[in-house]
2 protein chains.
Amino acid sequence: MEKLSVAQARRPESTGREAIVEGWIRTRRDSKAGFSFLELNDGSCFGNLQILAPASLPNYESEVRRLTAGCSVRAEGLIKASPGKGQATEMEARNIQVLGWADPEPYPLQKKQHSFEFLRTIAHLRGRTNTFGAIARVRNQLCHAIHDFFQQEGFIYIHTPIITASDCEGAGAMFQVTTLKLEALPKTEGGRVDYSQDFFGRPTYLTVSGQLEAEALACGLGKVYTFGPTFRAENSNTPRHLAEFWMVEPEMAFFELEDTMDLAERNLKYIFRHLLEKCPEDMEFFRQRIDPTVIDTLQQILESRFLRVSYTEAIDILLASGRSFEFPVAWGKDLQAEHERYLTEQHFHSPVILYDYPRTIKPFYMKLNDDGRTVRAMDVLVPKVGEIIGGSQREDRYDVLLERIEFVSDAQPIALWRRFRSYWQLFQTGAGRATKGPFRTVFGSGNQKRVNTNEWTQDSDEERNIGDGWQ
Amino acid sequence: MEKLSVAQARRPESTGREAIVEGWIRTRRDSKAGFSFLELNDGSCFGNLQILAPASLPNYESEVRRLTAGCSVRAEGLIKASPGKGQATEMEARNIQVLGWADPEPYPLQKKQHSFEFLRTIAHLRGRTNTFGAIARVRNQLCHAIHDFFQQEGFIYIHTPIITASDCEGAGAMFQVTTLKLEALPKTEGGRVDYSQDFFGRPTYLTVSGQLEAEALACGLGKVYTFGPTFRAENSNTPRHLAEFWMVEPEMAFFELEDTMDLAERNLKYIFRHLLEKCPEDMEFFRQRIDPTVIDTLQQILESRFLRVSYTEAIDILLASGRSFEFPVAWGKDLQAEHERYLTEQHFHSPVILYDYPRTIKPFYMKLNDDGRTVRAMDVLVPKVGEIIGGSQREDRYDVLLERIEFVSDAQPIALWRRFRSYWQLFQTGAGRATKGPFRTVFGSGNQKRVNTNEWTQDSDEERNIGDGWQ
C-alpha cells in the first residue's frame with residue numbers, strides 16, 4: 001500500500017486514497033461515542049493529520065487508548081474528506097501499529113507552551129515543536145528559493161574555501177584552525193610557534209567571506225554565487241550577529257551598480273513570493289504567535305518598487321526629520337540601524353536602496369564616482385529589518401585603485417595588501433574592465449557564543465518567552 | 001538593447017535577434033577578405049560565440065585588430081545562423097567596445113595546453129580555462145540536481161553546526177578551532193590550557209559529520225538532508241581524500257534499509273541524468289581530453305538496475321574469482337577498493353549495492369540482523385569509482401544498542417559515549433522505532449594538504465599533465 005507523508009495526506013486530492021502514514025502522536029482525544037482521534041505529525045508540514053481510530057481495532061484498548069504525545073505509529077486506512085475545521089482530510093484507520101512508546105512521565109514535550117529557554121535544554125527534541133519545525137521548513141524554502149533564483153539567472157554556484165590563510169575584508173576577528181597540540185606547542189629556535197608543523201604549514205583561519213575567490217572566478221565564469229558558512233569571532237550578543245552563519249555572495253562581471261540593484265530587488269521578491277506560496281501554515285503560525293505584521297511586511301515588499309535614494313538625499317531627509325536620534329546624523333558618517341529603519345519604515349514606508357556612500361566610510365576597492373567624494377556602494381533596506389543586502393561596484397581603474405590602496409594601506413596593511421594583490425593580479429593579467437557589483441544576503445545559523453533566545457521577538461517585551469507547544 | 005549571455009546567444013532560437021554580449025576574447029583570426037573572427041567566452045557555457053567583426057567598424061584597425069586573448073569586450077550586433085561547424089549561431093558585430101586590454105606579453109593563458117601544475121601558479125585565472133570552467137559548470141549542475149532531488153522527495157535542507165564540540169563518528173582527526181593567542185596561551189593554575197578563555201569556553205573543532213544533529217532533526221522533521229562542508233585533518237595524499245569537502249547526508253525516519261537503497265539509486269540516476277542533459281559540451285570535453293569512457297559510464301549507470309548483493313555473497317564471488325588481490329579476501333574483513341571495483345567492473349558490469357556487513361567492521365549503532373553476525377549497512381558501488389554512497393539503518397532496540405555500546409566502549413570511550421548519549425536521549429524521550437537508513441554522498445572541494453594535481457587522470461600515466469588551453 002502507498003505511503004504518504006502527512007503533507008500529502010492532508011491535500012484534498014488525496015481524498016479516497018488508501019494509504020499508510022507514519023509519524024509521532026501530538027495528542028489523543030477519546031470520544032464518548034467509542035472511538036479516538038489521534039493527531040499525527042511527521043514534520044512534512046505544520047498541520048497534523050487527524051486519524052479516527054475506531055474501537056473495533058484489535059489493539060484499541062490495549063494500545064491505541066494508551067498512546068501519548070511522542071509515541072511513533074504507523075497508521076493504515078482510508079483518506080476521507082474531513083467534517084472538521086481547518087483540515088481538508090482525515091484518515092479512518094483500519095490498522096494502527098505502535099512503533100515506539102514514549103513514557104509520558106519523562107517525555108518533556110506536552111500540549112502546552114514551553115519557553116525557548118526550556119526547549120534549549122532538550123535541543124534534540126526541538127525539531128518536534130511547532131516553532132522549530134516551522135523555522136526548519138521556512139529556512140528550507142528560503143534556501144531552495146535562493147538556489148532556484150540564481151540558477152534561473154544563469155549563475156554558477158561555487159564553493160569557496162572555508163579554511164583560509166587570507167583575511168578577506170579585515171571584516172572581523174577570525175577563528176584560528178590548527179592541528180598543533182595546544183598542550184605541547186612546537187616552537188622554533190627563536191621561541192615562536194612553529195607553524196611549519198601545522199597542517200597547512202602556516203597559520204590558517206575560518207573564512208569571513210568568499211568574496212576574493214568569487215571575484216576571481218566571476219572574471220572567468222561571468223556570474224557566480226556562494227552560499228556557505230562564514231565565521232566571525234566577535235563577541236556580539238545581538239539578534240543579528242552570529243559567530244557562524246550562512247551567507248550568499250553573488251559576484252557578477254560586466255554589471256553596473258544599477259544592474260546589481262535590479263538583481264537584488266528581483267532576488268528578494270523571488271524569495272519572499274516563494275516563501276509565502278510554499279509555507280502558508282508556518283507563516284500564519286509566526287503571524288499569530290511571534291509577529292502579527294510578518295505576512296503583511298513581506299506582502300508589502302512584494303508589491304513595492306524598491307526606491308533608489310542616494311546617501312546624500314537620505315542624510316538630507318534625516319536632518320530634516322526633526323527626530324532626535326541616538327547617533328547624530330551628518331554627511332560622512334555611517335548610517336545606524338535607527339536611521340535605516342526611520343527611512344524605510346517612517347519616511348518612505350517602502351523598501352529603499354541607498355547608494356553612492358562617502359568614500360571615507362567604505363573600503364578602498366569600491367568604484368569612485370566622478371565627484372571624487374562618493375563610491376558606488378549600495379545597501380538595500382527593508383521595513384522591520386533594516387539593511388538586508390549590501391554591495392558595491394568594484395573599482396576597475398588601475399591608477400585610481402593604486403592611489404586609494406596607498407592612501408589607506410597604513411591602517412590594515414596585511415589584509416589590504418592581500419586584497420590588493422588579488423586586484424593587481426587580475427589587472428596585470430587582463431581582467432580589464434569587468435565591472436562587478438556584488439552583494440550579499442546573510443542567513444544566521446548555528447553557533448553563537450551566547451544565543452539570544454528571543455531573536456524572533458526583539459521588539460516587544462510582552463512577546464518574550466511566549467514559548468511553544470503543540471497547539 | 002537586450003543583453004544575452006554567450007550561452008543564450010549560441011542557441012538556434014536566438015537567430016535574428018539584435019543583442020549585446022560581453023566576455024573575454026579567446027582568439028582572434030583575421031581573414032584576408034578584410035574582416036576578423038573573434039571567439040568570445042563569458043563562462044556561461046563551454047563554447048565560444050564567434051563574432052564577425054567587419055573592417056567597416058570605426059575602431060577596426062585601431063582596436064579590433066589589436067585584440068588578444070584575455071581582453072574584455074562588449075559586442076553589439078545581429079545573431080545569425082552560422083555557416084561554420086560546431087555552432088548554431090554567430091554574431092555580426094555593429095559595434096565592438098574594448099572594456100579592458102590584456103597585454104599579451106605577461107598574460108599567461110594562451111591558445112595552447114597548459115599543465116595543471118602551471119595553472120596552479122595562476123589560480124586566480126583558472127576560471128578562464130576550459131577545464132576549470134567545465135568543472136565549475138558540472139559541479140554547479142551536480143549541486144543543483146542534488147537540491148532538486150531532495151526537495152522533490154520532500155526532504156528538508158538543514159544546516160548543522162560547522163564548529164562543534166563533539167566528534168561525531170570518531171571518523172577522523174579533527175581541526176581545532178580557537179581564538180586563544182597561540183603565542184601567549186592562557187594557562188590554568190594547574191598549568192593546562194585555560195579553555196574557559198576560549199571563544200566557546202571549551203575546546204571546539206571543525207565538524208567531521210552533521211549526522212548526529214541530522215538524526216535528531218529527522219526524528220521530528222521526518223526526512224532531512226545536509227549539504228555542507230566537512231573536515232578531516234588527515235594527511236591522505238590520495239585522489240579521494242580531502243581535508244575540506246562538501247558532503248550530502250540524508251537522514252530519514254521510518255525507512256528500512258531497502259527504502260534507503262531505493263532512494264540512493266534514484267538519487268544517483270537523477271543527478272547523472274540531469275548532468276548529461278545540462279552539460280553536454282562540458283562532458284564531451286572531459287570525454288575527449290580526460291577520460292574517453294566518462295559519458296558511457298554514466299549512461300550505463302542510468303540504464304542499469306542497481307544489483308542488490310549481500311556482503312556474504314560478494315565474499316563468495318571474490319573467493320571464487322581466482323584473482324590474486326593485494327589485500328586478501330575473507331569473511332569478516334572489510335572490502336578494499338580493488339575488491340569493490342572487481343565486483344562492479346569485472347564481475348557484475350553494473351552498479352551494485354552491497355548490504356549486511358559483518359557487525360565487527362561496522363559502528364555499534366547499525367541495526368543488528370537476526371543472524372547476530374551482520375548489520376543493516378550498505379555501500380553503493382559504481383564502475384570507475386567504487387564506493388560512492390555508504391549508509392545504514394540504525395539500531396532502534398534499546399537493549400541491543402546498550403549491549404553493543406558496552407561491548408565496544410573501551411575502544412573509543414568519548415566519541416562513542418557522545419554518540420550513545422544522543423541515542424539514549426532519543427530513546428528516553430520517545431523516538432521509539434523511527435527506523436532510519438541514512439547515506440552520504442561526498443563531493444570533494446577546496447583545501448587539501450598537498451593537492452593531487454592529476455585527480456582526473458589517476459589511472460593512466462600517459463594522461464597526466466595533458467594540460468589545458470583554449471582549444
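**Reading the interface**

Reply: A salt bridge here is a side-chain nitrogen of Lys or Arg within 4 Å of a carboxyl oxygen of Asp or Glu, and B:E183 forms one with A:R192, the closest N and O atoms being 3.7 Å apart. This is a predicted model, in which local features need pLDDT of at least 70 and side-chain atom pairs pLDDT 80 or more, while totals for chains, interfaces and linings use all residues. Residues are numbered from 1 along each chain as its sequence is written, chains are lettered from A and ligands numbered from 1 in the order written, and side-chain values use heavy atoms, without hydrogens and water.

Me: How many salt bridges does the rule find across the interface of chain B and chain A?

Reply: The rule finds 2 of them between chain B and chain A.

Me: What is the area buried between chain B and chain A?

Reply: The size of an interface is often given as the accessible area lost when the parts come together. Here the buried area (lost accessible area, 1.4 Å probe, summed over both parts) is about 7,400 Å², with 62% from carbon and sulfur atoms, and the contact (heavy atoms within 4.5 Å) takes 91 residues from chain B and 91 residues from chain A.

How values were computed
Buried area is the accessible area (1.4 Å probe) that two parts lose on being put together, summed over both.
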